Amino acid sequence: MILRLDELPLRRNATVSAIDWDGIGPAEAKRLREFGFDEGVVVQKLHTGPIGSDPVACRVGRMTVALRRRVALAISVTGHEA
Amino acid sequence: MNPLPLVALVGNPNAGKSALFNALTGARQKVGNYPGVTVERKSGRFSLDDGRPVELVDLPGTYSLDPGSPDEAVTRDVVTGHQAGERPPAAIVIVVDAGNLDNHLRFALQLVALGLPTVMALNMVDMAERDGLTIDAEMLARELGIPVVPTVAVRRRGLDELRAALGKAVGSNAAPVAPEVAEAAEHSSYTALQRRARAIAAAATTRPEVTRDAAERIDRVLLHPVAGLAILLALLFVMFQAVFAWSEAPIGWIEDGFSVIQGAATDALPAGLLRSLVVDGLIAGVGSVVVFLPQILILFLFILVLEASGYMVRAAFLMDKLMAGVGLSGRAFIPLLSSFACAIPGIMATRTIDDPKDRLTTILIAPLMTCSARLPVYAVIIGAFIPARDMGYGIGLQGLVLFGLYIAGILGAMAAAFILRRTVTRGAAGTFMMELPRYQWPDPRDILIGLAQRAWIFLRRAGTLILAASLLLWLLLSFPQAPEGRSQVEYSAAGRIASVLEPVVRPIGFNHEIALAIIPAMAAREVAVAALGTVYSIESDDETVLEQTVTERLSGRWPLPTALAFLMWFVFAPQCLSTIAVIRRETNSWRWPLFALGYLFVLAYIAAGATFWTATALGLG
């Protein structure tokens, strides 16, 4: 089941299947990589912002990272079975 | 004299680098700037285990040697020996968070591959243990080919061992770089480095089945869409409450102190020009500014604690969407909050905003946040013209007007950002990407060092710029000396300048006295109170008495619409030379400070005018 990161239910493990690197700006792509985002990495969506569920806070590796929804839209994930 | 060997402290953001820097150097720190860029250079001294002194420099935190901002470029240039005005480091200390090795080792591998004498501080091992992780430091050392010292900077653990390891590294030739490290770094692709980093981290870390995560559970409350916002608002309320409530006593002591000094100077000097210069000009001028020190320190106490605990990034997270509405990012929240104390540190704090357009917009609107220097002006005018009527629920009309002035500043700033982002600072929408660090108890010593640095910056400003402005104001008001029977204020240079300015400000309800007061207030807003005091020829030296009498003298003298217009003027007008100077420095051009000066004056003129005309039309005059 392929979802976009922003659609993933809270606190559910998922594996990053694809990232639309060209769809986000180069500076944002660089930061995403620096935070450890990559194809094949396990992520979780942990929290969402108070207005319009934006931004989103995700777990990647041992880090918690805040992103805007616009960037989360570019990240496709495969949800693990609950 | 040979300069001391330089040791550079490098690492990812949130690795505890600054805490380690404070723990090693204590209060012996120097804060400066790298030439040509607005990047702070923080350095200090300490002695190695064998007694050799070294200079330690705290480099800006970064995730890689591929810079995304001026800060990060400085870090790269210092460790590679290419930074102008900096000697190549004799050794580097890589600071990593023991609980986040996956990520931090990638940058560490890049640094190790530089081949400098290197020591790793495996920091925050206590927090990693709390989360159930065990880390094999010896195995890490073998894999990386450098000494690895477990530390807990905030508890000052592992410092002696670190000094000993550095003692061996400084002056030695670096050990050859391990072939696996060199290979991974050579490809320098994130993927290759990241894989190697993950492999080493996995090998050196023993983790339990389920790792505990304290931050995640706290965040369920603090980032909750409803509860989280309510807590943030409550915190801000307590903070502003404290700024006023806790500062009362210390402000009294400072005022008493300055009265004593004024008394002593009055006794020591013969009556005449010199005594007037020292007592009315210099001591009163500087004293009227130094009284804000307690409020500024209380506000910074809150900001430093919130920052060190890890909460500030959460506040930015909660505010991001709101800020995005006017074209800013959640990152702008922290500088704007600091600007309530003073726009100068606020504008300096915009350095953490990566996007240049976002940063510039934040700099341009920071002066609209009601800084503490406006308070005495507000206090005097509100006291003189707004009746102390009880509006019920324990809310007074005067307090309500004060609150309204704060809100006017915030709304003005938001509107300005909205328009600026669509005109002069137009560009691609910025973004918001931040690491949410783990929560930790702030180290009181780190907070004290931060407060001392703020206090020093503020007092230095009072001792130089404000002193000069007070002197100039006194000169303009005292010369040329009026002949017998003529008013000194009217006859003086300042009075004549005010007569020229008067026709310009007459349409927005300002009279001659106000025209006179807003000229010296250009240097610093709070001078307006002293200027009005002098204009209405009050012979009192004591600050509190001065304010009371200004208030008493004013009530009834101005029509209400004029008083309201005067208040609105101070909400928007760029009445602070230091702010303009700091915008000049931070944007590295004259264009933006002049633009800020222009747009803020136009805004102030319109806002004051609109207030005056509306109030007059409503028959409040």
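In chain B, the C-alpha centres of domain 1 and domain 3 lie 51 Å apart. Domain bounds here come from an automatic or database domain assignment. This is a predicted model, in which local features need pLDDT of at least 70 and side-chain atom pairs count only at pLDDT 80 or more, while totals for chains, interfaces and linings use all residues. Residues are numbered from 1 along each chain as its sequence is written, with chains lettered from A and ligands numbered from 1 in the order in which they are written.

**Domains of chain B**

- The assignment gives domain 1 (6-206), domain 2 (233-422) and domain 3 (461-617).
- An unreviewed UniProt entry carries the annotation "domain: FeoB-type G" for residues 4-172 of chain B; UniProt positions follow the numbering used here, feature names are shortened, and annotations may be inferred rather than shown by experiment.
- Residues 4-172 of chain B are 33% helix and 25% strand, and the end C-alpha atoms of this span lie 15 Å apart. Helices (H or I, at least four residues) and strands (E, at least two) are DSSP runs, numbered from the N terminus.

**The sheet in chain B**

- Seven strands of chain B form an open sheet in the order 2-3-4-1-5-6-8, with mixed pairing; two strands pair if DSSP finds at least two bridges between them.
- Strand 2 (29-33) and strand 8 (148-150) of chain B are the edges, each with a single partner strand, so one side of each has no neighbour in the sheet.
- From one strand to the next, the twist averages 25°. Axes are lines fitted to C-alpha atoms, for helices over the stretch in contact, and angles run from 0 to 180 degrees between N-to-C directions.
- Strand 6 (residues 118-123) and strand 8 of chain B run parallel and are joined by three bridges; Met120(B) has Val148(B), in strand 8, as its bridge partner.
- Helix 5 (residues 137-144) of chain B lies across strand 6 and strand 8, at about 155° to strand 8. Contact between two residues means that their C-beta atoms, placed from the backbone, lie within 7 Å.

**Where chain A meets chain B**

- The contact takes 27 residues from chain A and 29 residues from chain B.
- On the side of chain A that touches chain B, the elements giving two or more residues are helix 1 (26-34), strand 3, strand 4 and strand 5 (63-67).
- Helix 1 of chain A gives the largest share of that side, six residues.
- Strand 5 of chain A pairs with strand 10 (residues 434-435) of chain B in the antiparallel sense, over two bridges, and Ala66(A) has Met434(B) as its bridge partner there.

**Backbone points worth a look**

- Most residues other than glycine have a negative phi, and most peptide bonds are trans.
- Asp54(A) and Pro55(A) are joined by a cis peptide bond, with omega about -5°; Pro55(A) sits in strand 4 (residues 54-60) of chain A.
- Ser53(A), in the loop between strand 3 (42-51) and strand 4 of chain A, is not a glycine but has a positive phi of about 50°.
- Ser53(A) is partly exposed, with 15 other C-beta atoms within 10 Å. A residue is buried if 20 or more other C-beta atoms lie within 10 Å of its own, exposed if 12 or fewer, and partly exposed in between, with C-beta atoms placed from the backbone.
- Asn14(B), in the loop between strand 1 (6-11) and helix 1 (17-25) of chain B, also is not a glycine and has a positive phi, of about 65°; Asn14(B) is buried, with 21 other C-beta atoms within 10 Å.
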